[in-house]
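This report describes selected structural features of one protein chain. Please consult the sequence and the structure shown here while reading.

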Amino acid sequence: MHEIITKSVDRMKKTVTNLHSEFDAIRTGRASAALFDKIRVDYYGNKTPLNQVANISIPEARLIVIQPWEKNLIGEIEKAILGSELGLNPSNDGKVIRINIPPLTEDRRKELVKLAKGQAEQSRVAVRNIRRDGNEELKKMLKDKGLTEDEEKQAGEDLQKETDNYIKEIDKVLADKEKEIMEI
């Protein structure tokens, strides 16, 4: 019984962790190295994460500097950034790539908030599905005489409490991201 709840809670934690990483990839008006987490660069025929072929630094609030470990990668990195959905315009001086983060327009901010709300809702649905799976396992244990009705009922209530806690956490993460997106 406890292992079902523990397993469900672990899956719920992973759902919230995944939401955090999804939100890290949403561009706000501020520079962030996390924007480039999903960008892959063609490195000797292999698609390699950008942070494994270059140093990414943020010297100012709206500036990102990318310094490739090998100079011949500068064109590939620039091409990967331009091909991404970030909408950023890199410029290079032959040694480093500089990217100015332009302030977001009001319309773009609203689009990003809508995107964040959609991702948060997917996470809420995932948490509820985890609860459903846990409840089904509890019912199966009850049917197989592995649990009494009282134990099954108590475990179901515990699972619901955990579900409520994780839904609240998702709502808080969303509220924080909305605030971050909307601040100028």
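Lys 177 and Glu 180 both belong to helix H4, where they stand three residues apart, about one turn of the helix. Helices (H or I, at least four residues) and strands (E, at least two) are DSSP runs, numbered from the N terminus. An α-helix has 3.6 residues a turn, so residues three or four places apart point the same way. Lys 177 forms a salt bridge with Glu 180, and their closest N and O atoms are 3.6 Å apart. A salt bridge here is a side-chain nitrogen of Lys or Arg within 4 Å of a carboxyl oxygen of Asp or Glu.

Buried means under 20% relative accessible area, exposed over 50%, and partly exposed in between (1.4 Å probe, protein chains only).

## Basis and confidence of the model

The model is predicted; local features need pLDDT of at least 70 and side-chain atom pairs count only at pLDDT 80 or more, whereas totals for chains, interfaces and linings use all residues. Residues are numbered from 1 along each chain as its sequence is written, and side-chain values use heavy atoms, with hydrogens and water left out.

The pLDDT, which is the predictor's confidence in each residue from 0 to 100, has a mean of 87 over the protein chain, and 98% of the residues reach 70 or more. Within the chain, confidence is lowest in H2, at a mean of 85, and highest in helix H4 (residues 149–182), at 92.

## Other salt bridges

The whole structure contains 15 salt bridges. One of them joins the side chains of Asp 171 and Arg 124 (2.8 Å, N to O). Asp 171 lies in helix H4 and Arg 124 in helix H3 (residues 106–143), so this pair ties together parts that are 47 residues apart in sequence. Asp 171 is partly exposed at 34% relative accessibility, whereas Arg 124 is buried at 13%.

The side chains of Asp 93 and Arg 98 also meet in a salt bridge (3.2 Å, N to O). Both ends of this pair are partly exposed: Asp 93 has a relative accessible area of 48%, and Arg 98 has a relative accessibility of 38%.

## Packing of H1 against H4

The axes of helix H1 (residues 2–24) and H4 come within 10 Å and cross at roughly 10 degrees. Axes are lines fitted to C-alpha atoms, for helices over the stretch in contact, and angles run from 0 to 180 degrees between N-to-C directions. H1 and H4 are therefore roughly parallel to each other; angles under 35 degrees count as roughly parallel, over 145 as roughly antiparallel, 65 to 115 as roughly perpendicular and the rest as oblique.

On the H1 side, the residues making the contact include Ile 5, Val 9, Met 12, Val 16 and Phe 23. Those on the H4 side include Leu 159, Tyr 166, Ile 170, Val 173 and Lys 177. Contact means heavy atoms within 4.5 Å.

Which residues of helix H2 (residues 74–83) are buried? They are Ile 74, Ile 77, Glu 78, Ala 80 and Ile 81. Viewed down the axis of H2, these buried residues fall within an arc of 160 degrees, so they line one face of the helix. The arc is that of the directions from the helix axis to the C-beta atoms.

The cover over the buried residues of H2 includes strands E1 (40–43), E3 (54–60), E4 (63–68), E5 (90–92) and E6 (97–100). The face of H2 turned away from its buried side carries the exposed residues Lys 79, Leu 82 and Gly 83.

## Loop residues

Ala 25 lies in the loop between H1 and E1 and is partly exposed, with a relative accessible area of 23%. Its C-alpha atom is separated by 4.7 Å from that of Leu 35, 10 residues apart along the chain. Not counting residues up to four places away in sequence, Ala 25 touches Ala 34, Leu 35 and Leu 86.

Most residues other than glycine have a negative phi. Tyr 44, in the loop between E1 and strand E2 (46–49), has a positive phi near 50 degrees and is exposed at 61% relative accessible area. Lys 145, in the loop between H3 and H4, has a positive phi of about 65 degrees and is exposed at 73% relative accessibility.
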